[in-house]
Amino acid sequence: MTDLSLPLPPPKQSGGLPDKRQVAASFSRAAASYDSVAELQRDVGSQLLSCLPGDFVPGRWLDLGCGTGHFSRVLSERFPAGHGVALDIAEGMLNHARPLGGATHFIAGDAERLPLQDSTCDLIFSSLAVQWCADFASVLSEAHRVLKPGGMFAFASLCVGTLFELRDSWRQVDGMVHVNRFREFGVYQQLCAASGLKVASLQTRPHVLHYPDVRSLTHELKALGAHNLNPGRPGGLTGRARILGLVEAYEQFRQAEGLPATYQVVYAVMEKPL
């Protein structure tokens with residue numbers, strides 16, 4: 001088991017997804033504020049856990065993209081006899097998670113190049129992390145390599161349609177990239193089918209959060225480290241006129257509960273054949 005704490009090589013880029021080094025830096029900066037605004041993340045991870053078979057008891061599990069370690073601690077409580085590995089690309093997240101416990105090992109590493117030996121994990125659990133990986137086929141290949149026969153890869157990710165209200169509102173203001181891009185659900189279906197892992201379940205469900213105003217939404221995205229990281233995003237400060245334009249456009253989506261922000265979440269459970 002190797003610690004990948006050295007600088008990452010230049011990442012593969014696909015479909016205009018963010019540079020992973022920028023993703024790592026952004027989430028490292030957000031480590032201290034992340035849990036205070038992570039309602040969606042906790043909800044999605046809990047639903048992903050509920051997708052696992054009730055009688056499934058892994059001996060060794062990997063929390064892939066562990067963030068602040070919330071679900072590493074949940075996995076430790078659910079599988080007290082198991083041994084956990086928490087892995088994240090963001091050193092700042094690991095530094096926050098490590099003293100809180102949960103996993104036996106905390107490792108800096110990349111989901112596309114896992115620093116783990118072949119056939120060493122019974123479960124790979126990954127909630128809202130792999131959407132940042134440009135080469136998702138490599139993520140699946142690495143999961144197949146690291147899992148023991150009969151082991152499971154459970155992941156939750158985001159697909160096209162996420163934050164469409166924010167994207168459409170910005171589109172009325174200017175033509176620049178203001179919202180993170182995500183893969184289409186059909187791409188997840190194709191790559192999972194070709195991965196060599198058996199697809200036990202693969203579906204998408206919308207999660208809708210509501211905010212009193214646009215500022216509350218954008219503040220939360222920044223606190224999560226999930227604000228706009230895309231190539232082509234505007235540089236510098238956003239002018240007052242454009243902000244007012246965004247607010248006016250987003251108000252068209254207002255509901256009784258507030259301004260909606262939709263997340264299209266992909267849930268998958270896959271098994272390595274015996």
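**Entry 1. Helix α8.** The model I am reading is a predicted one. I then asked which residues of α8 are buried. I found F185, Y188 and C192. Viewed down the axis of α8, these buried residues fall within an arc of 55 degrees, so they line one face of the helix. I noted the general rule that an α-helix has 3.6 residues a turn, so residues three or four places apart point the same way. I next looked up what covers the buried residues of α8, and the cover includes α6, β5 (147–158), β6 (198–211) and β7.

**Entry 2. The crossing of α6 and α8.** I turned to α6 (residues 136–146), whose axis comes within 10 Å of the axis of α8 (residues 185–193). The two axes cross at roughly 35 degrees, and I recorded the crossing as right-handed. Which residues make the contact? On α6 they are F136, A137 and L140, and on α8 they are Y188, L191 and C192. Sorted by class, this contact has 6 nonpolar residues, with no polar and no charged ones.

**Entry 3. Helix α4.** I repeated the search for buried residues on α4 (residues 70–78) and listed F71, S72 and L75. They lie on the same side of α4, because they cover an arc of only 110 degrees around the axis. I also recorded what they pack against: α3 (39–50), β1 (60–64), β2 (83–88) and β4 (121–127).

**Entry 4. The nonpolar cores.** I looked up the largest nonpolar core and found that it has 42 residues. The residues with the most contacts inside this core are L123, L166, L217 and Y263. Which strand gives the most to the core? It is β7 (residues 259–271), with 6 residues. A second, separate core has 28 residues, including I124, L140, L147 and V266. I then followed L123 by itself, setting aside residues up to four places away in sequence. L123 touches L52, F56, P58, R60, W61, L62, L75, F79, L147 and M152.

**Entry 5. L87.** I located L87 in strand β2. Is L87 buried or exposed? L87 has a relative accessible area of 1%, and since the cut-off for buried is under 20%, L87 counts as buried. L87 and D63 are 24 residues apart in sequence, yet their C-alpha atoms are 6.1 Å apart in space. Apart from neighbours within four places in sequence, L87 is in contact with L62, D63, L64, G65, C66, L94, I107, G109, D110, L114 and P115.

**Entry 6. A256.** For contrast, I looked up A256, which lies in the loop between α10 (240–250) and β7. Its relative accessibility is 87%, and the cut-off for exposed is over 50%, so A256 counts as exposed. The C-alpha atoms of A256 and H210 are separated by 9.5 Å, with the two residues 46 apart along the chain.

**Entry 7. The whole protein.** Last, I recorded the totals. The secondary structure comes to 10 helices and 7 strands. How many residues does the protein have, and what percentage of them count as buried? There are 274 residues, of which 51% count as buried. Among contacts between residues at least 6 apart in sequence, 80% join residues at least 24 apart.

Conventions. Residues numbered from 1 in each chain as written. Predicted model: local features only at pLDDT ≥ 70, side-chain atom pairs only at ≥ 80, totals over all residues. Heavy atoms only, no water. Axes fitted to C-alpha atoms, helices over the stretch in contact; angles between N-to-C directions. Helix = DSSP H or I, 4+ residues; strand = E, 2+ residues; numbered from the N terminus. Left-handed = near helix turned anticlockwise from the far one by under 90°. Contact = heavy atoms within 4.5 Å. Nonpolar A, V, L, I, M, F, W, Y, C, P; charged D, E, K, R; others polar. Buried < 20%, exposed > 50% of the residue type's maximum accessible area, 1.4 Å probe, protein only. Arc of directions from axis to C-beta. Core = buried A, V, L, I, M, F, W, Y, C linked by side-chain atoms within 4.5 Å.
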